[in-house]
Amino acid sequence: MYEGQVAVKPASISGDLETFLGWADEIRANSERVTESGNRVKGFDIYANGDTPQNALDAFRFGANGIGLCRTEHMFFDEPKLTDFQKMIISEDTESRKANLAKILPHQQKDFYEIIKTMEGRPVTIRLLDPPLNEFIQAESDEQLTALSKKLGVDKEALAQKIFMLAEHNPMLGHRGCRLAITYPEIYEMQVEAIARATAQLDKEGVKHNVLIMIPNVISYNEVEQIRRQAEAVIAMVNKECGTTLKFEIGSMIEFPRAALSAGRITKYADFFSFGTNDLTQTTFGFSRDDYGKFIESYLQQRILEDDPFATLDYEGPGALMEITEEKGRAVNPHLHLGICGEHGGDPASIHICYQIGLNYVSCTPYRVPLARLAGAQAVIEYEKKNA
């Protein structure tokens with residue numbers, strides 16, 4: 001026991017561990033394998049998921065090669081962005097939505113600026129808004145509804161009706177991700193403008209940048225084509241206004257079986273794919289992450305399943321869809337970049353599967369990066385032994 005507060009410092013990689021993980025990095029960087037579909041893939045990177053400048057610093061400190069997933073929705077939960085976003089949600093027309101989004105834009109631009117700057121030219125993959133709108137505007141009691149109506153300056157009964165209309169039986173399969181952009185294109189247009197303006201600012205300051213834009217919840221190439229066209233128009237507008245020549249890779253997440261099975265067509269409009277293995281597992285198994293805890297232990301105890309599919313990637317289900325995506329996607333674009341950004345990215349057994357399938361990287365939480373760096377090298381060694 002200690003009296004008072006013990007002095008602490010942020011965890012870091014140093015000494016013998018730094019040397020050891022450096023060897024693992026060399027093994028991954030110099031690796032090469034041939035996928036089941038015959039594609040030759042070089043190297044295997046470890047990225048980190050990060051939504052704040054501090055996350056980016058942690059990722060950098062633990063040896064990540066970049067940011068594989070920056071969730072923009074987490075940025076909306078801070079004030080004053082939350083209030084403006086809530087006002088946007090309850091808006092009755094496009095112009096009102098745009099007016100409230102315009103208030104958020106400079107705040108989101110600042111968030112992106114700091115994260116991109118922190119990574120010093122390493123890849124930063126920014127995912128456009130993913131969750132359904134009902135997550136941002138909730139009132140579980142009459143008191144909360146009263147307080148929210150006062151904050152937003154709207155009629156209490158009208159607000160209650162709006163919240164009721166936004167409710168969904170299964171939000172993870174509902175009006176979210178790119179479906180929001182199809183319905184309300186101004187949301188993604190604001191986010192892309194914030195990304196472009198932040199990057200343009202860094203570009204003029206002489207700061208290196210490598211920003212990728214990711215579209216979530218894709219099921220059709222038509223979604224990617226339309227949203228990409230809208231995004232490129234916004235980027236062109238920012239380039240003209242700022243005197244820059246910015247270009248961004250625009251890719252999509254593969255989270256649903258239909259997207260995996262139609263990857264060849266989606267590849268024509270997507271520069272890269274990132275597997276959202278949490279949702280891919282949900283939709284392949286028909287398991288809800290919110291409810292499967294009621295029965296998963298019985299499945300594991302009776303050996304119906306060998307592993308919890310949300311902890312370790314299932315090779316025969318989601319893994320098979322990932323292989324189909326790799327084959328169909330690289331048949332159109334042999335240089336297609338593939339990775340994952342779900343929780344499996346920090347699991348050693350899942351990392352071995354990802355290397356075997358032919359992914360270019362895995363992305364995990366910053367504090368799992370050292371483990372992922374080691375597991376990635378072990379996956380390389382295991383592959384080379386099998387194919388010696």
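Analyst: V224 has a relative accessibility of 0%, which is under the 20% limit, so V224 counts as buried. The model is predicted, and this value, like the others below, is computed from it. V224 belongs to helix α9, which spans residues 221-242. Leaving aside residues up to four places away in sequence, V224 touches I215, V218, S252, I266, Y269 and A270. P185 is 39 residues from V224 in sequence, and the C-alpha atoms of the two are 13 Å apart in space.

The largest nonpolar core has 94 residues, and the members that touch the most others are F85, L129, I137 and M322. Helix α8 (residues 185-204) contributes the most to this core, with ten residues. Another core lies apart from it and has six residues, including M214, M253, F272 and C341.

L129 shows what such a contact list looks like. With residues up to four places away in sequence not counted, L129 is in contact with T72, E73, F76, F85, F136, G177, L180, I187, Y188, Q191 and P216.

Two of those partners, F85 and F136, also pair through their rings. The structure has 15 aromatic pairs. In the pair of F85 and F136 the ring centres are 4.9 Å apart and the planes stand at 70 degrees, which is over the 60 degree limit, so the pair is edge-to-face. F85 sits in helix α3 (residues 81-89), while F136 sits in the loop between β5 (123-127) and α5 (142-152), so the pair ties together parts that are 51 residues apart in sequence. F85 and F136 are both buried. A tilted aromatic pair is formed by F285 and F287, with 5.2 Å from centre to centre and 35 degrees between the planes.

The strands come next. Eight of them form a closed barrel in the order β3-β4-β5-β6-β7-β8-β9-β10, with parallel pairing. From one strand to the next the twist averages 30 degrees.

At β10 (residues 361-364) the pairing can be followed residue by residue. β3 (residues 45-49) runs parallel to β10, and four bridges join the two. A48 has C364 as its bridge partner in β10. β9 (residues 337-340) also pairs with β10 in the parallel sense, over two bridges, and there I340 has V362 as its partner. Together with helix α15 (residues 348-357), β9 and β10 make a right-handed β-α-β unit.

In a regular strand the side chains alternate between the two faces of the sheet. In β10, Y361 and S363 point one way, V362 and C364 point the other way, and all of them are buried. Helix α16 (residues 369-386) lies across β3 and β10, and runs at about 160 degrees to β3.

Key:
Residues are numbered from 1 along each chain as its sequence is written. This is a predicted model: local features need pLDDT of at least 70, side-chain atom pairs count only at pLDDT 80 or more; totals for chains, interfaces and linings use all residues. Side-chain values use heavy atoms; hydrogens and water are left out. A nonpolar core is a set of buried Ala, Val, Leu, Ile, Met, Phe, Trp, Tyr and Cys residues joined through side-chain atoms within 4.5 Å. Buried means under 20% relative accessible area, exposed over 50%, partly exposed in between (1.4 Å probe, protein chains only). Contact means heavy atoms within 4.5 Å. Two strands pair if DSSP finds at least two bridges between them. A crossover is right-handed if, with the strands pointing away from the viewer, the path from the first strand over the helix to the second runs clockwise. Axes are lines fitted to C-alpha atoms, for helices over the stretch in contact, and angles run from 0 to 180 degrees between N-to-C directions. Rings of Phe, Tyr and Trp (its six-membered ring) pair if their centres lie within 6.5 Å; planes under 30 degrees apart count as stacked, over 60 as edge-to-face and the rest as tilted.
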